[in-house]
Protein chains: 2
Amino acid sequence: MTTPAETPFALVDRAKVERNVTRLGEHLRSLGVAQRPHVKTSKALEPTRMVHGGIGPITVSTLAEAEFFADAGYTDILYAVGIAPGKLDRVARLRARGVDLTILLDTVAQAEAVIAFVAEHGEGLPALIEIDSDGRRAGVEPEDPRLLEIARVLADGGAQLRGVMTHAGGSYFAYTPEALRAVAEQERAAAVRAATRLREGGHPAPVVSVGSTPTAHAASDLTGVTEVRAGVYVFFDLVMAGVGVCTLEDIALSVVATVIGRGPGDASLLTDAGWTATSNDRGTSVQAVDQYLGVVTTEAGEVIEDLVMVGASQEHGVLAVRPGAKRRLPDLPVGTRVRILPIHACATASQHDHFEVMAREGEPVTERWERAGGW
Amino acid sequence: MTTPAETPFALVDRAKVERNVTRLGEHLRSLGVAQRPHVKTSKALEPTRMVHGGIGPITVSTLAEAEFFADAGYTDILYAVGIAPGKLDRVARLRARGVDLTILLDTVAQAEAVIAFVAEHGEGLPALIEIDSDGRRAGVEPEDPRLLEIARVLADGGAQLRGVMTHAGGSYFAYTPEALRAVAEQERAAAVRAATRLREGGHPAPVVSVGSTPTAHAASDLTGVTEVRAGVYVFFDLVMAGVGVCTLEDIALSVVATVIGRGPGDASLLTDAGWTATSNDRGTSVQAVDQYLGVVTTEAGEVIEDLVMVGASQEHGVLAVRPGAKRRLPDLPVGTRVRILPIHACATASQHDHFEVMAREGEPVTERWERAGGW
């Protein structure tokens, strides 16, 4: 039986993480561009160290992650969520510790808050301007007049503009290699164009940062880009498999659960892994193949054909034959262990404070990777 | 500004919790039935103490909760998720500490695992049999022959049958006072009928446990029931408001967030509270009024008409005018604080390791309530 003794828990296959990290590392090296991995998926030191073979530049989604990694010796950190003015004190405390923390912004209001802070504290907070490359979430468009206005406010106020950053969230909704390459080129072109406009306006823009797991893998030309951020690829998940950038065999994270009974009419199996263990993410519901709350495998990691996690309450998972599939429910007795492959590895990982890690499939758990929690 | 200095955080209004607890307590006292509150929503000591005015019987959803409450002096605990055989060791360790922990089961296979454990360890593990009152999740139906078979296996093996338990999950989908009363009566009748069958078969069934927040509030007769479990009512949420058992003003939990910018076309506001802070629960999507990922209020708790959280990524919330409503997006500048009322308080609370607590609206945060985490 897979250790530990009790379920549910988050299980990681270290060999798969290494393979995923190596694959993207080789691709990006071939394109001549540096990596600044986004640690928001694992929030753990061990897989992050694999990317650089030690300490290197990273991207974080919370200041708690920044502090966790700073404690472990990381000194070059991009906080890649638009800065809330109330967080500047904590940013400055991290910088005072010797961490070169870069913040992100995309409004004149944020730039004004930053320079007010700089004026008061004499701190030259470095910043990137977020660029909107696909109209999906945040950022200023490359041709938006506000791009230069923000740069001017920062320059006049003594903050340090370092360049631009964009995230092609639209890549999660591209489903062919051609479409993915097109999104990657759109992402690159938007960031490079914005950096060019800044430089033409007399502003420094040494950093041109792009990234998402699909575009990082699909890009075939990153001319003008200085660094690539990708996060979920260390574990991969069913959304990424649906996008086509990995296979089910690449997914390095799963939730181990125990069968505890059957649902009404014996039409489903109940497990002890509810949404507290897997999350309620339904990211594949918009893809060609809906995987509901996750694909079910045996304890040894073999996919059980057409068995999916169709429902969850807080501490109950519901497994059933995929709607429409003509199969009988497999006879998994009470006490049987199964694994649930994650829909969205960031969301599933976020439900756990650590990972149980096996060196490779078939071996026992021998490591425990702690995660940075909270904010 | 609401303390603490940084967002996001989970804010609790203690006065509202007290009001919610008092309301249900008075109702159940008037029906002459005891309470065994389900602590899975708050997983915190302070609101649980309010129910009994001190230590009393509780229901838990994980053994981690059982241990957390046992550490605080709780000794009468029902673990209300069907037992996985691999957890019996830990159950026995809790019992050896002096905690009267009762387990739950609904299959012969679980009963056999329990008696095998009893035979090996000489432990008379007390158990309830889970009854299915509405065909929604788990349990044996009251007339199912397996009910008496499970009781016989337990009796023959020296385990201690304590009675029956049911949870009317269907009450979440009843939307009128009449429908709710009908579900409450169905829940009561199923549990009482199962207990009667056990007693007629010569088995003890001193405990007849029912509960869900909607049925606990709707029940007008609980004859034959010995205890009621309810959980989410301490905080309430938008699903419960949609069911009609509370109003928005009763909701005691919210997530405080900061505006960090605007989305594409200035059609949305972005905040620093993504699904890590609010959860991705979409429980109101099947109700008459879809509240998306949450209703937005001012920092002072006043509902901002037709502003809802329509989307989330890991650390970004997206606020927009309710689809179909003819309003302009309110002008909330960068740095403005808002609150998000939870769709499902259990899920939102589960994203936090503690609550920041104010005595009542308008007062600063003065308490911190810790939560039991993990499993």
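**View 1. Overall build of chain A.**
Chain A of this predicted model contains 11 helices and 17 strands. Its C-alpha trace spans about 70 × 40 × 35 Å along the principal axes. Among contacts in chain A between residues at least 6 apart in sequence, 67% join residues at least 24 apart.

**View 2. The two domains of chain A and the contact between them.**
Chain A is divided into domain 1 (14-234) and domain 2 (246-370). The C-alpha centres of these two domains of chain A lie 33 Å apart. Across the boundary, 11 residues of domain 1 of chain A are in contact with 12 residues of domain 2 of chain A. On the domain 1 side, helix H1 (residues 14-30) of chain A supplies the largest share, five residues. By class, that side of domain 1 of chain A has four nonpolar, three polar and four charged residues.

**View 3. The contact between chain A and chain B.**
The contact takes 51 residues from chain B and 51 residues from chain A. On the side of chain B that touches chain A, the elements that give two or more residues are helix H5 (108-121), strand E10 (253-262), helix H10 (275-278) and helix H11 (345-349) of chain B. Sorted by class, this side of chain B has 18 nonpolar, 21 polar and 12 charged residues.

**View 4. The largest nonpolar core and the surroundings of Val164(A).**
The largest nonpolar core has 252 residues. The residues with the most contacts inside this core are Tyr79(A), Val164(A), Tyr79(B) and Val164(B). Which residues does Val164(A) contact, leaving aside its neighbours within four places in sequence? The partners of Val164(A) are Leu128(A), Ile129(A), Ile131(A), Ala191(A), Ala194(A), Ala195(A), Leu198(A), Ala205(A), Val208(A) and Ser209(A).

**View 5. The parallel sheet of chain B.**
Eight strands of chain B form an open sheet in the order E2-E9-E8-E7-E6-E5-E4-E3, and the pairing is parallel. Strand E2 (34-35) and strand E3 (58-60) of chain B are the edge strands, each pairing on one side only. Within the sheet, strand E6 (residues 126-131) of chain B runs parallel to strand E7 (residues 160-166) of chain B, and six bridges join the two. Glu130(B) stands opposite Met165(B) in E7(B).

**View 6. Helix H2 of chain B and its packing.**
Helix H2 of chain B covers residues 45-52, and its residues Leu45(B), Pro47(B), Thr48(B) and Val51(B) are buried. The buried residues of H2(B) pack against helix H1 (14-30), E2 and E3 of chain B. After H2(B) comes Gly53(B), whose phi is positive, near 65°.

Most residues other than glycine have a negative phi, and most peptide bonds are trans. In chain A, the peptide bond from Thr7(A) to Pro8(A) is cis, with omega near -5°. Pro8(A) is found in the segment before strand E1 (9-13) of chain A. In chain B, the bond from Thr7(B) to Pro8(B) is cis, with omega near 0°. Pro8(B) is placed in the segment before strand E1 (9-13) of chain B.

Lys43(A) is not a glycine, although it has a positive phi of about 50°. This residue, Lys43(A), is found in the loop between strand E2 (34-35) and helix H2 (45-52) of chain A. Is Lys43(A) buried or exposed? Lys43(A) counts as buried because 28 other C-beta atoms lie within 10 Å, where the cut-off is 20 or more. Asp266(A), also a residue other than glycine, has a positive phi near 50°. Asp266(A) lies in the loop between strand E10 (253-262) and strand E11 (269-271) of chain A. Asp266(A) is exposed, since 9 other C-beta atoms lie within 10 Å, and the cut-off for exposed residues is 12 or fewer.

Key. Residues numbered from 1 in each chain as written. Chains lettered and ligands numbered in written order. Predicted model: local features only at pLDDT ≥ 70, side-chain atom pairs only at ≥ 80, totals over all residues. Core = buried A, V, L, I, M, F, W, Y, C linked by C-beta atoms within 7 Å. Contact = placed C-beta atoms within 7 Å. Helix = DSSP H or I, 4+ residues; strand = E, 2+ residues; numbered from the N terminus. Nonpolar A, V, L, I, M, F, W, Y, C, P; charged D, E, K, R; others polar. Domains from an automatic or database assignment. Pairing = 2+ DSSP bridges.
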